[in-house]
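Here is a structure to read alongside a few questions. Each answer works towards the name or value asked for.

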Amino acid sequence: MRTTVEEKKKFVAFIARKLNKSSSKIRVCLPEIGISTLDVPENPFYDTNATGALIEELKRFIEPTKDKKVSFVINQTMLPFIKLLMHRYYLFIYLIYLTLT
């Protein structure tokens with residue numbers, strides 16, 4: 001089932017409230033083209049209005065700080081997005097390793 005624009009707005013408001021209350025360092029990364037593997041061009045669940053609404057609501061509701069950032073990655077498939085996340089994860093782990101050695 002495809003979520004509607006209104007459902008996405010409610011979802012984002014809920015998530016943003018939780019993120020804004022957090023005292024931890026946060027990085028929210030989302031692809032701008034499709035949020036799931038079903039939400040890509042030429043699939044029946046692809047809906048640029050619903051995806052755009054989700055992204056715009058995140059930009060509006062999440063209060064960025066030096067420890068809380070939102071990144072948006074433009075991609076055509078999930079693979080480049082996953083590679084970006086893995087690269088940042090490994091970099092993070094490497095930096096922890098350096099601080100411990």
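Q: In which helix does L54 lie, and is L54 buried or exposed?
A: L54 lies in helix 2, residues 48–61; helices are DSSP runs of H or I with at least four residues, strands runs of E with at least two, both numbered from the N terminus. The model is predicted: local features need pLDDT of at least 70, side-chain atom pairs count only at pLDDT 80 or more, and totals for chains, interfaces and linings use all residues. Residues are numbered from 1 along each chain as its sequence is written, and side-chain values use heavy atoms, with hydrogens and water left out. Buried means under 20% relative accessible area, exposed over 50% and partly exposed in between (1.4 Å probe, protein chains only), so L54, at 5%, is buried.

Q: What distance separates the C-alpha atoms of L54 and K8?
A: Along the chain, L54 and K8 are 46 residues apart. Their C-alpha atoms are separated by 5.6 Å.

Q: Is Y89 buried, partly exposed or exposed?
A: Y89 is found in helix 3. Its relative accessible area is 45%, so Y89 is partly exposed.

Q: Which element gives the most residues to the lining of the largest pocket?
A: A pocket is an open set of points on a 1 Å grid over the protein atoms alone, where a 1.4 Å probe fits, with protein on both sides within 12 Å along at least five of seven lines; lining residues have an atom within 4 Å of a point. The largest pocket is lined by 14 residues. Strand 1 (26–31), strand 2 (68–73) and helix 3 (78–100) each give two or more. The most, 6 residues, come from helix 3.
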